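Subject: Structure handover

Hello,

Here is the structure I promised to pass on.

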Number of protein chains: 2
Amino acid sequence: MIQVAEALNIIAENSFKMPIAKIKVSKSLGYVLAETIYSPINMPPFRQSAMDGYAFTHGNLAQLEVVNIAQAGDFLDDEIKKNQAVRIFTGAFVPDDTDTVVMQEHTRITDNLLEIEKMPAAFANVRAKGEQIKKGELVFDVNTVITPAAIGFLACLGITKIKVYQKPKVAILVTGNELVAAGKKLPKGKIYESNSLMLEAALKTIGINKPTVFKVKDSLKKTISTVESCLANFDVVLISGGISVGDYDYVKEALLENGVTELFYKINQKPGKPLFFGRKENKIVFALPGNPASSLTCFYVYAFPALKKLMGFEAIHLPEMKRKINIDFKNSSGKTLFLKALYEDEKVTVLESQSSAMLNTFSIANGFIVVPHDVTAIKVNEEVVVLPFN
Amino acid sequence: MIQVAEALNIIAENSFKMPIAKIKVSKSLGYVLAETIYSPINMPPFRQSAMDGYAFTHGNLAQLEVVNIAQAGDFLDDEIKKNQAVRIFTGAFVPDDTDTVVMQEHTRITDNLLEIEKMPAAFANVRAKGEQIKKGELVFDVNTVITPAAIGFLACLGITKIKVYQKPKVAILVTGNELVAAGKKLPKGKIYESNSLMLEAALKTIGINKPTVFKVKDSLKKTISTVESCLANFDVVLISGGISVGDYDYVKEALLENGVTELFYKINQKPGKPLFFGRKENKIVFALPGNPASSLTCFYVYAFPALKKLMGFEAIHLPEMKRKINIDFKNSSGKTLFLKALYEDEKVTVLESQSSAMLNTFSIANGFIVVPHDVTAIKVNEEVVVLPFN
């Protein structure tokens with residue numbers, strides 16, 4: 001049995017970035033960039049009007065003849081003389097022969113005669129070519145996480161494909177003779193299977209969609225062959241149940257039989273003590289406890305950082321926040337506790353019902369309070385570490 | 001021109017919850033419950049062993065004959081006498097004639113003879129029927145947000161469908177003659193269109209997938225007919241560009257022509273001043289500024305709460321956090337500023353390059369610092385309001 005910190009280290013050391021793939025920018029939200037990107041163009045690509053007004057050559061003339069109109073999108077390459085001006089709109093190409101734009105509010109127009117009532121400084125209201133970014137300049141460093149703004153930035157530079165770390169293919173393997181799919185009649189002695197849907201939803205929150213779900217009865221032979229096929233076809237295997245020491249818990253045996261190296265089994269924590277983490281080459285396996293709340297706690301604390309590492313993230317753990325706890329709390333267990341909690345900007349509230357089978361308070365929790373194994377008592381308003389997850 | 005707080009109030013007052021639909025629990029992540037849910041079953045549905053061990057009737061006998069095995073999922077209804085016991089595993093049905101489970105670690109077994117070395121208390125290690133939740137008890141109140149744990153909880157009670165507020169159908173309407181799709185050659189005077197991909201990604205972060213994107217040139221007639229079709233087929237219309245006062249900005253005219261009531265136009269803020277918000281019956285329209293950073297700022301601050309309201313959320317705004325700012329900051333504009341920033345647990349850093357056209361720092365920002373319009377100076381380490389968005 002190891003401590004939480006050691007388990008987290010072992011996971012970080014044994015999880016490797018996925019191979020790189022080139023994907024469409026439009027599909028890249030939440031991916032991590034696997035290349036450094038330089039701008040293929042100047043942005044703006046031309047001198048651009050920053051205002052609705054009139055483009056002209058700055059000089060001494062305050063009365064000019066309006067000879068043309070430049071709407072956004074137009075390219076006007078007529079010769080514009082010193083005594084001439086062009087009606088221009090925000091975003092439009094500023095004709096090469098002009099250098100300044102006067103706001104329409106500072107002018108008076110009579111037929112085609114423009115009178116500049118308030119002369120702007122030379123070059124005013126003209127965005128320089130490449131003002132935002134110049135051709136060849138750095139857009140994003142490798143390892144940048146693709147946000148909506150990043151997608152906008154890449155698209156405005158005309159970039160349509162980028163290299164990213166692939167997302168892992170995940171298998172969820174649910175074991176247990178007692179499990180019946182929701183919607184069916186519940187025979188005596190059986191319970192509804194819920195962990196596969198729960199883990200599928202948890203994966204979705206970090207952008208991993210449509211894991212493949214396998215269900216096996218408590219049979220060593222069946223468990224061995226299903227694990228084999230999971231290891232052959234998926235990058236990550238999340239197994240639910242079958243990892244305790246009961247005679248019918250075949251998971252660990254099936255993993256070892258398939259050449260998975262055990263990296264740890266059991267963590268000094270509550271809930272989620274019987275967690276197994278193993279690896280076969282670059283494939284990783286978590287055998288999560290069958291109790292729903294234990295299973296989801298282990299997912300957030302341990303599987304989450306492993307998946308983030310695979311996806312190429314630099315910051316892989318749930319961020320640690322400090323909040324003031326709402327009650328006195330005792331920990332006589334000698335284990336690290338992950339308490340379901342509701343945090344706000346300054347304080348954090350311990351929720352009722354922390355049992356490992358219970359999901360009701362977990363459903364409305366937005367984080368865990370971490371009570372370290374060697375801390376026996378916390379006083380109300382003391383600062384505690386909170387890991388946010390929802 | 002109105003202030004930020006007034007704009008937010010008008011949006012909250014004019015955004016209405018979507019109609020209710022019954023959907024699969026497996027697809028319900030991020031939806032808001034539109035019904036109160038009571039448990040259709042007891043959970044656990046039967047007395048369940050909490051340990052691997054032996055089930056027996058508590059009494060004075062410490063030597064018992066093992067007559068059967070109860071694996072998880074089994075239903076054993078043989079008669080078990082006072083001097084008999086059943087080998088039992090975690091999660092298994094505890095036979096009706098027995099009341100206590102002794103841990104296997106506290107027993108010695110010889111052939112079929114069980115010797116209890118450490119007698120547990122009566123009823124030990126047996127989870128009562130309905131211990132987690134009883135049939136008819138409250139599962140979730142109306143308006144609960146569906147999290148992964150909530151999906152697990154519903155599924156374990158055998159619930160497969162729930163009533164939720166539908167997600168709005170969103171149209172993105174991009175206007176401008178100057179826009180060219182990324183991937184194409186860029187003629188002089190044109191720029192790449194990026195706002196539709198950016199807004200699509202931003203919608204995805206709140207669970208709204210696959211909005212429909214329309215692109216129109218700067219033509220009043222085309223804009224009118226496209227707006228008409230958007231209002232007929234979508235719940236929310238996000239329009240990008242075409243809302244400033246230039247002669248070729250037809251959006252506002254097209255909206256009014258289609259019977260959209262203007263609820264506000266222009267907010268005393270930077271970036272994103274020329275924001276239009278309107279409504280036609282229960283359909284809402286945001287005409288966002290064309291500049292990418294302005295557009296995305298307005299999306300997060302204004303469209304985001306409106307969409308959350310439609311989806312049934314009670315807490316609709318970006319949560320307000322307090323953080324210590326990293327620099328002295330002056331605001332001589334008289335406007336409310338939304339500064340792209342990077343916050344950590346205690347402090348917040350103002351990012352460089354706050355221009356309304358620039359997306360590079362926006363890409364790595366995780367929140368806005370709000371500088372109210374009537375605040376002219378902030379000192380380093382002063383607490384400021386931060387709105388997180390990534």
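Glu314(A) is exposed, at 57% relative accessible area. Here buried means under 20% relative accessible area, exposed over 50%, and partly exposed in between (1.4 Å probe, protein chains only). Glu314(A) forms a salt bridge with Lys17(A), and their closest N and O atoms are 3.6 Å apart. A salt bridge needs a side-chain nitrogen of Lys or Arg within 4 Å of a carboxyl oxygen of Asp or Glu. Glu314(A) sits in the loop between α6 and β22 (321-325) of chain A, and Lys17(A) in the loop between α1 (4-13) and β1 (20-24) of chain A, so the pair ties together parts 297 residues apart in sequence. Helices (H or I, at least four residues) and strands (E, at least two) are DSSP runs, numbered from the N terminus. Lys17(A) is partly exposed, at 34% relative accessibility.

Some ground rules. This is a predicted model: local features need pLDDT of at least 70, side-chain atom pairs count only at pLDDT 80 or more, and totals for chains, interfaces and linings use all residues. Residues are numbered from 1 along each chain as its sequence is written, chains are lettered from A and ligands numbered from 1 in the order in which they are written, and side-chain values use heavy atoms, leaving out hydrogens and water.

Lys215(A) and Glu193(A) meet in one, at 3.3 Å from N to O. Lys215(A) is in strand β16 (residues 212-216) of chain A and Glu193(A) in strand β15 (residues 191-193) of chain A, so this pair ties together parts 22 residues apart in sequence. Glu193(A) is buried, at 6% relative accessibility. A network of salt bridges links Arg108(A), Glu115(A) and Glu117(A). Within it, the closest N and O atoms of Glu115(A) and Arg108(A) are 3.7 Å apart.

Now the domains. Chain A has domain 1 (4-18 + 167-310), domain 2 (22-42 + 134-165), domain 3 (48-127) and domain 4 (321-388). The bounds come from an automatic or database domain assignment. In chain A, 16 residues of domain 1 are in contact with 14 residues of domain 4. Contact means heavy atoms within 4.5 Å. On the domain 1 side, β19 (269-270) and α6 (292-310) of chain A each give two or more residues. The largest share, eight residues, comes from α6(A).

Best wishes
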